[in-house]
Amino acid sequence: MNRLLLSFSLFIFLSINSHLSAVDSISFKFINKCRYPVWPGLLSGATSPQPPTTGFTLKPGKSRSVSIPPSWSGRLWARTHCSRDSYGKFYCLTADCGSGKLECGGSGAIPPATLAEFTLNGAGGLDFYDVSLVDGYNLPMLVIPRKATNGSCGATGCLIDLNAACPKELKLVARANRRRGVACRSACEAFGEPRFCCSEGYATPDTCSPSVYSLFFKHACPRSYSYAYDDKTSTYTCASTDYMIIFCPLPHTSQKLLESRKDGAQLPLVNKTMMYLSKKYAISRGR
C-alpha cells in the first residue's frame, strides 16, 4: 500500500513539475522571410541550460517555435550558404558554428554574424535583449516581443541588407564569385587593431569611441549594437512575453510594427539607406 501511495505521489509531483516548466518556458518563434534557406543556431551562456535544439534548418517562408528555459541567457543567429562536403561534414559560408553538424552543440557563431542576445528573467525580473553587429553582419534580423508588458518592450534589429553596401575592406565574398558579398566583417575582425576591438589601451568607454566603420553599421541599423560600448541605444527590456525572431524581415511591415509601438529610433527603409550608405561609406582603411 505504501509503495502504491509513494508511486502515486511521485506521479503527481512529476506531472505538476512538468506543467510548471511548460508554463514558465518562453517561446521563441523563428520566421524565415528570406528567399533562401537559413540554418538558425543557438548558444547558451555558461550557466544556462541547453534549449531543446542548438541548430536546425528553416526553409523560405517557414517558421518554427522553440521552448526556451526560464532564466536562460545566450545568443542566436542564422547560418547561410550551408551544405555538406564530400565527407558529409556540414558547413556554412557565414556564421558557421564549426561543429560539422546541423546542431551547433555548444559552439558559437564564427564571425561575421548578426547576433540576437538574450538574458531572460534578469535584474528586476526583466528580459534584456539586443541585436548585435559587434561581430559583423550576415543578414537582416528583427526581434519583436509578442506582447508589451513591463519594460520598454521595443522591437529591435536591422532591416537593411548591408552585404552590397559593405566597405570593400570589410566585405566577405563567396569564393565562386569574388564580387558577391555574403557578409560584412567588423573592423576588429578585419584589422585586429585595439582601437577597433576596444582592447588593451582602448578597453574602457572613455578610451574606445565609435569608428567610421562602426558608424557604418549604426547609421544603417540605429537600434543595433555597433561596437562594444554602444549600450544606451541598443539594449531593450521586457517581461513575461514570448518573442519572434524574423530573418530578412519585410521593411514595410516592420516599419508599421515599429511605428505602432512608438518606442524610439526608427529603422530606415532599404532603398534610400542603401544609396546613402554606398556614397557616405565609400571608405578605405587608409583614410
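Trainee: With which side chain does the side chain of Lys 218 make a polar contact?

Mentor: The model is a predicted one, and every value below is computed from it. The side chain of Lys 218 makes a polar contact with the side chain of Ser 234, at 3.1 Å. A further interaction involves the backbone: the side chain of Lys 218 reaches the backbone oxygen of Ser 224 at 2.9 Å. Lys 218 itself is placed in helix α4, which covers residues 212-220. The residue counts as buried because its relative accessible area is 16%, and the cut-off for that class is under 20%.

From this residue we may turn to the strands. An open sheet is formed by 5 strands in the order β3-β1-β13-β8-β9, with mixed pairing. Its edges are β3 (63-68) and β9 (156-158), each of which pairs on one side only. From one strand to the next, the twist averages 20°. In general, strands of a sheet pair through backbone hydrogen bonds, in either a parallel or an antiparallel sense.

Lys 29 illustrates both pairings: Ser 65 in β3 stands opposite Lys 29, and Met 244 is the bridge partner of Lys 29 in β13. Further along, Asn 32 stands opposite Phe 247 in β13. Strand β1 is also mostly covered, with 5 of its 7 residues buried.

Strand β2 (residues 39-44) is joined to β4 (residues 73-84) by 6 bridges, and the two run antiparallel; here Pro 40 stands opposite Ala 78. Strand β4 is joined to β6 (residues 115-119) by 4 bridges, again in the antiparallel sense, and Gly 74 has Phe 118 in β6 as its bridge partner. A further 4 bridges link β4 and β5, which run antiparallel, with Thr 80 partnered by Thr 94 in β5. Strands β4 and β5 form a hairpin with 5 residues between them. Gly 88, in the turn of that hairpin, has a positive phi of about 85°.

The volume of the second largest pocket is about 310 Å³. Its lining comprises 15 residues, and those nearest its centre are Cys 92, Leu 93, Leu 172, Val 173 and Arg 175. The elements giving two or more residues to that lining are β5 (90-94) and β10 (171-174). Strand β5 supplies the largest share, 4 residues. By class, the lining has 12 nonpolar, 1 polar and 2 charged residues.

To return to the question, the partner of the Lys 218 side chain is the side chain of Ser 234, and the backbone oxygen of Ser 224 is also reached.

Terms used. Residues are numbered from 1 along each chain as its sequence is written. This is a predicted model: local features need pLDDT of at least 70, side-chain atom pairs count only at pLDDT 80 or more; totals for chains, interfaces and linings use all residues. Side-chain values use heavy atoms; hydrogens and water are left out. Two strands pair if DSSP finds at least two bridges between them. Axes are lines fitted to C-alpha atoms, for helices over the stretch in contact, and angles run from 0 to 180 degrees between N-to-C directions. On a 1 Å grid over the protein atoms alone, a cavity is a set of points where a 1.4 Å probe fits but cannot get out, and a pocket is an open set with protein on both sides within 12 Å along at least five of seven lines; lining residues have an atom within 4 Å of a point. Grid points are joined across faces, edges and corners, and a volume is the space filled by probe spheres set on the points. Ala, Val, Leu, Ile, Met, Phe, Trp, Tyr, Cys and Pro count as nonpolar, Asp, Glu, Lys and Arg as charged, and the others, Gly among them, as polar. Buried means under 20% relative accessible area, exposed over 50%, partly exposed in between (1.4 Å probe, protein chains only). A polar contact is a pair of N or O atoms within 3.5 Å; within protein, one must be able to donate a hydrogen and the other to accept it, and residues adjacent in sequence count only if both atoms are side-chain atoms.
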